[in-house]
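Hello,

Here is the structure we spoke of, for your files. My notes on it follow below.

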Amino acid sequence: MKLSLNWIKDYVKLPDDLDISRLMYDLTMSTVEVEGFVSMREKFGRMVVGVVEEILPHPGADRLKVCRTDVGDEVVDIVCGGVNLSQGMKAAVALPGAMARWHGTGAPAEIKNTRVRGVESRGMICASSEIGLFDLFPFTEEATIADLSEFPAPAGTDLAAALGMDDIILEIDNRSLTNRPDLWGHYGIARELSALYDLPLSQFEPYSPPPGLPDFKVGIDDPTRCFRYIGVKMEGLSVKESPFEIRSRIWRVGMRPINAIVDITNYVMLAVGQPTHAFDSDNIAGHITVRRARPSEKLLLLNGRELTLTAEDLVIADDEGSVGLAGVMGGAKDSVLPETAKVILELACFEPIGVRRTAQRHESRTEAAIRYEKGIDPERAAQALSLSMKMFADLFPDMRVAGYHDIYPSPLGKTEIDVSCEWLARRLGKTMERDYTARILGRLGFEVSFPEEGVMRVVSPPWRSTGDVSLPDDIMEEIARIHGYENFEATKITTSFDGAVNQPEMDIDRRIREYLSFRCGMQEIFTYPWVQDEFLNAVSPTREGMLSIASPPSPDERYIRSSLLPNLIRAAERNARFLDEFAIFESAQVFSDSEYTAPYDPREKLPRQRRNTAGAFTGSPEDVSALFRKAKGVLEYLPRFTHMEPVTFGRVSKPCWADDTVWLNVISEGSAIGSLALLSRKTALECGIKNQAVMLFELDIDSVRPMPSRTNRYSRLPEFPRTEYDISMLFDESVKWEDIYETITGKKGPEDLLRGVSFVGEYRGRQVASGKKSVTIRLVIGSLSKTLTSEEIESCANLAVKRLGKSLGGELR
């Protein structure tokens with residue numbers, strides 16, 4: 001959110017010696033996070049008001065003019081192609097050193113003295129688009145210069161000062177405002193600064209409607225969705241441009257000025273945080289009613305979108321049908337048109353959850369909806385009414401009120417909290433005088449009394465009674481933040497540690513992540529718990545057992561993950577656009593609708609959240625065998641480096657997303673705890689992966705049993721040299737490496753010299769017959785008592801070859 005410091009100063013007079021750095025620090029430490037600021041003076045640095053004294057033809061260009069321009073301390077020649085230049089005209093002049101956008105496009109460029117078609121030009125006479133002011137000085141014809149003749153500023157005046165923009169714009173992090181609906185406007189921040197610096201705050205004079213107004217009815221069919229509705233009928237208006245100061249303020253904080261009527265509604269919302277809306281009353285049939293929409297009712301919004309409403313949507317309706325989506329946006333039927341002369345001004349308070357769901361359902365997140373969904377108080381409508389009516393009276397002297405109705409079925413009650421003074425001192429870590437705490441709370445608008453000894457009764461103001469303040473802890477926070485967190489003395493914490501807590505079930509998750517990251521070179525990723533339908537459909541054919549979100553972040557992300565694979569595949573698809581090979585993994589919780597537990601309170605059952613780890617290896621489709629061996633090797637060595645029970649591989653149940661051939665289940669203690677497989681071609685294409693192979697694995701970590709202690713055994717280094725001996729043999733395609741390994745190692749005698757067997761590679765090609773494959777095997781041969789001769793090494797290798805030939809039909813190449 002953007003805030004104008006000058007606007008804030010309308011409501012609270014800040015000390016002259018308060019610099020912006022101190023203000024930002026104090027606000028951040030006490031109220032909201034200020035991310036930064038923009039100085040409008042610096043933004044328009046080296047830009048001044050120039051007066052065009054004489055316009056001469058350019059000797060080398062028909063469309064260009066040489067303008068002798070007074071810029072304050074001198075008269076300079078500036079070459080300009082403006083179509084509306086005139087003698088005596090005031091214009092924005094960018095002097096050398098200023099930053100402007102040529103013709104309003106591209107990045108800002110530094111203005112320098114230059115020669116244009118042989119004539120020296122010492123600056124630039126600017127169009128509004130070239131200095132970022134198009135919304136304030138719009139034009140339709142290209143090369144139109146911003147005309148500043150209406151501003152009473154002499155030549156050489158800084159542009160920011162001439163336009164009344166010598167201001168500082170604060171950038172507030174919206175996340176720090178989420179639980180403070182009272183701060184979504186300049187007045188709310190001014191109220192905080194008033195309390196922080198103990199300064200007086202300007203008040204709004206209550207508005208009283210003229211007596212004897214005609215009957216003007218407003219109905220609320222569902223008071224649980226609309227807490228208050230004020231409607232004011234006004235006549236004698238017209239659609240015209242707002243005064244520059246109003247347009248400027250709206251523009252400085254990020255909104256676009258439109259016309260005087262609409263600008264007033266936006267100005268009031270930005271000032272006090274209360275959204276308002278103006279209906280063209282000539283287009284309202286009969287009375288206004290706030291009701292739920294009828295199923296499949298249609299509504300055309302201001303932005304041109306036609307909505308199909310549901311019974312959960314709240315609408316503003318007249319006798320003919322809906323005219324606005326309550327709390328979100330007005331309808332096109334009743335919008336302010338060029339001929340509008342009568343309006344109905346709406347100031348309302350809607351139930352926040354309903355507004356948020358409606359805005360998300362129809363993908364219409366507006367400035368009004370953002371404020372309503374935070375839960376603004378109904379009393380704020382009176383402040384907005386006061387400011388609105390004053391502005392309408394000032395801008396439209398012939399305006400008259402033709403009707404007024406304020407319906408407020410259940411006035412907001414103030415929250416009352418009793419706080420123990422002893423508890424407060426203990427929680428603050430400091431004893432404060434009760435008069436001091438009462439003064440702090442009083443500056444924030446709270447009413448404080450002491451009904452009995454040691455008890456402080458606090459009554460919150462309306463703007464803090466919407467759920468923001470409800471507990472003694474909230475009162476403690478208010479006192480602490482205004483006192484200043486930095487003003488509390490550090491207190492030593494006394495504690496004792498009786499012994500280390502060994503939690504192998506918790507430690508194994510970190511060991512797995514460290515193993516995959518450090519030893520296997522995989523990159524860890526973090527994804528949201530919700531899943532996009534595109535990837536969920538590709539991986540899971542059914543939604544059985546999955547949890548859905550009541551208010552999803554988007555319509556196609558309704559389900560919470562029951563597997564890590566959909567989001568992992570999505571990450572693989574995104575990265576595959578830029579990388580040919582990579583390996584990623586995620587370790588996180590998955591959710592199921594089938595198992596519920598109550599870990600804290602039997603009344604609060606929560607879905608079971610199991611820990612899973614999943615990984616993806618991507619590479620060329622020609623390297624599927626290498627990807628498979630890499631992924632399988634990662635899982636084979638996982639138990640050794642993470643101290644868990646060993647795993648084996650087998651085929652129990654093929655995952656629906658897996659290739660028909662390349663897949664295995666991961667088995668621990670007789671049960672399948674995960675899968676390892678190649679993403680099938682069909683599934684990969686559905687997920688947008690076209691030219692890469694993706695090998696996936698997923699493990700249920702909660703099903704893994706960590707070992708109670710290390711099982712490593714000491715093995716001394718060999719005293720005598722060992723020899724690596726490679727052999728290449730032909731086997732049938734059906735022969736597995738597992739069979740080869742067991743055949744070689746399964747018949748060791750007491751004097752067997754074979755110390756190890758490992759896989760080197762496979763080969764299929766022109767030199768290998770069809771239906772055959774060449775497997776290269778590495779034998780490690782050595783003795784514990786002597787150095788072997790070449791004959792002994794050959795004899796050991798020949799024994800392995802004979803075993804493979806006899807058992808598996810292998811032949812030496």
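The protein carries 98 positive and 120 negative side chains, with the centres of the two sets 6 Å apart. Please keep in mind that this is a predicted model.

Overall form. There are 20 helices and 39 strands in the protein. Its radius of gyration is 38 Å, while the globule rule gives 28 Å for 813 residues; the value is well over the rule, so the protein is more spread out than a compact globule. Along the principal axes, the C-alpha atoms fill a box of roughly 115 × 90 × 60 Å.

Contacts and surface. Taking contacts between residues at least 6 apart in sequence, 70% join residues at least 24 apart. Buried residues make up 49% of the 813. The accessible surface is about 41,300 Å², and carbon and sulfur atoms account for 49% of that surface.

Helix 10. This helix covers residues 380-395, which is 16 residues. From its first C-alpha to its last it reaches 23 Å, close to the 22 Å expected at 1.5 Å a residue. Is helix 10 largely enclosed by the rest of the structure, or largely open? Twelve of its 16 residues are buried, that is, under 20% relative accessible area, so helix 10 is largely enclosed by the rest of the structure. Among the buried residues are Arg380, Gln383, Ser386 and Ser388, and also Leu385, Leu387, Met389, Met391, Phe392 and Leu395.

Regards

Note on methods
Residues are numbered from 1 along each chain as its sequence is written. This is a predicted model: local features need pLDDT of at least 70, side-chain atom pairs count only at pLDDT 80 or more; totals for chains, interfaces and linings use all residues. Side-chain values use heavy atoms; hydrogens and water are left out. Helices (H or I, at least four residues) and strands (E, at least two) are DSSP runs, numbered from the N terminus. The radius of gyration is taken over C-alpha atoms; the globule rule is 2.2 Å times the number of residues to the power 0.38. Buried means under 20% relative accessible area, exposed over 50%, partly exposed in between (1.4 Å probe, protein chains only). Contact means heavy atoms within 4.5 Å. Accessible areas come from the Shrake-Rupley method with a 1.4 Å probe; for residues, only the protein chains shown count as cover. Lys and Arg count as positive and Asp and Glu as negative; His and the chain ends are not counted. The place of a charge is taken as NZ of Lys, CZ of Arg, CG of Asp or CD of Glu. The expected span of a helix is 1.5 Å times one less than its number of residues.
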